[in-house]
Amino acid sequence: MTDEAPKVELLWWEGCPSWERALAVLSEEMSAVGLDPASVEVREVRTDQDAGREGFVGSPTIRVSGRDVQPPDGEPAGLTCRVYRLRDGRISPLPDRADLRDTLANAIEGGGQ
Amino acid sequence: MAQATATKVGDSAPPLELPDTEGQTHTLPAPGEAPATVVVWTCNHCPYALAWHDRLAQVARDYAPREVRFLAVNSNDAERYPRDSLEAMRERVREEEWPLPYLHDESQQAARDWAAQVTPHVYVLDGDLRVRYEGAPDGDHMDPAQNASWVREALDDLLGGREVSRAESQPVGCSIKWR
């Protein structure tokens, strides 16, 4: 483990209502692994051009040290809502907490960006 | 384009005339009207609509013997959201064996007429096609055990000749994708 904290980003689009809940869950999981939730970079994606530039495939998108918590499977960039699959198979507008926790933990172990 | 005033509880439902995924036209009103009708705005790409879909489909199956009519409508702009194209809708209906017709509102006029806001957005109509419930299927898109209970309760009240006890709720989901 290194002293450098991983960069945590949350990208959102106003067409999906889930991003505030996603931020709350992300903050809880960051606290749980000893990261400061205030360090999250929260960015709104407003246009298709923004989405393309960010590689944004839907809201919310959460990246830790540049790694998506559930890497997209070829979805095109665009202003849309993200469909996550939880570990128990349910469809969700939010990623699985366990995926968040594992991604954060792996980034901490591997060193920040 | 301007939208109509939101369709609310007590209002007469705006008429519908839309094709399903096989090209058959469905209308509201329809000949031999049902004792109750459920109209749900939904789509293929929204996690909320997808999470609630199985529950709503099961309601359609469970209430078919009581002659309740179900219509699903997709009004999203398929150019920007290809997963909501007619072809993609047809694939879903065939693969998932939908128990209700999936109507394609290509012009988005139906969504404007109803002022549907999100997917899913549920309307339960009585035999006179007045809105008796409007809102979400149930209280938690993440909990399948909720079983679209708000829709079921509204239907049970209507079919039992009672006032609908929970007449509205806040619809929760992805915004309709306008052109």
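Of the 113 residues of chain A, 35% count as buried. That value, like every other here, is computed from a predicted model.

Chain A has three helices and six strands. Read along the sequence, these elements follow the pattern β-α-β-α-β-β-β-β-α. The C-alpha trace spans about 35 × 30 × 25 Å along its principal axes. A compact globule of 113 residues would have a radius of gyration near 13 Å, and chain A agrees, with 13 Å. Now take the contacts in chain A between residues at least 6 apart in sequence. Of these, 69% join residues at least 24 apart.

Next, the sheet. Four strands of chain A form an open sheet in the order β2-β1-β3-β4, and the pairing is mixed. Two of these strands, β2 (41–44) and β4 (67–68), stand at the edges. Each has a single partner strand, so one side of each is left without a neighbour in the sheet. Look at the β4 edge of chain A. Here β3(A) and β4(A) run antiparallel, joined by two bridges. Start from A:R63 and cross to β4(A): the bridge partner is A:D68.

Now turn to helix α1 of chain A, residues 19–32.

Which residues of α1(A) are buried? They are A:W19, A:A22, A:L26, A:E29 and A:M30. These residues cover an arc of only 100 degrees around the axis, which puts them on the same side of α1(A). The spacing along the sequence follows a general rule. An α-helix has 3.6 residues a turn, so residues three or four places apart point the same way. The other side of α1(A) holds exposed residues: A:E20, A:R21, A:A24 and A:S31.

What do the buried residues of α1(A) pack against? Their partners in chain A are β1 (8–12), β3 (61–64) and α3 (97–110). Just after α1(A) comes A:G34, which takes a positive phi of about 85 degrees.

Now move to chain B. This chain has four helices and nine strands. From the N terminus on, they run β-β-β-α-β-α-β-α-β-β-β-α-β. The radius of gyration of chain B is 15 Å, close to the 16 Å that the globule rule gives for 179 residues, so chain B is as compact as a globular protein of that length. Along its principal axes, the C-alpha trace of chain B spans about 45 × 35 × 30 Å. Buried residues make up 45% of the 179 residues in chain B. Contacts within chain B can be sorted by sequence separation too. Among those between residues at least 6 apart, 77% join residues at least 24 apart.

Finally, the two chains meet. At the interface, 12 residues of chain A are in contact with 11 residues of chain B. What is the chain A side made of? The residues of chain A that touch chain B divide into seven nonpolar, three polar and two charged.

Methods. Residues numbered from 1 in each chain as written. Chains lettered and ligands numbered in written order. Predicted model: local features only at pLDDT ≥ 70, side-chain atom pairs only at ≥ 80, totals over all residues. Contact = placed C-beta atoms within 7 Å. Nonpolar A, V, L, I, M, F, W, Y, C, P; charged D, E, K, R; others polar. Expected span 1.5 Å × (residues − 1). Buried ≥ 20, exposed ≤ 12 C-beta atoms within 10 Å, placed from the backbone. Arc of directions from axis to C-beta. Rg over C-alpha atoms; globule rule 2.2 N^0.38 Å. Pairing = 2+ DSSP bridges.
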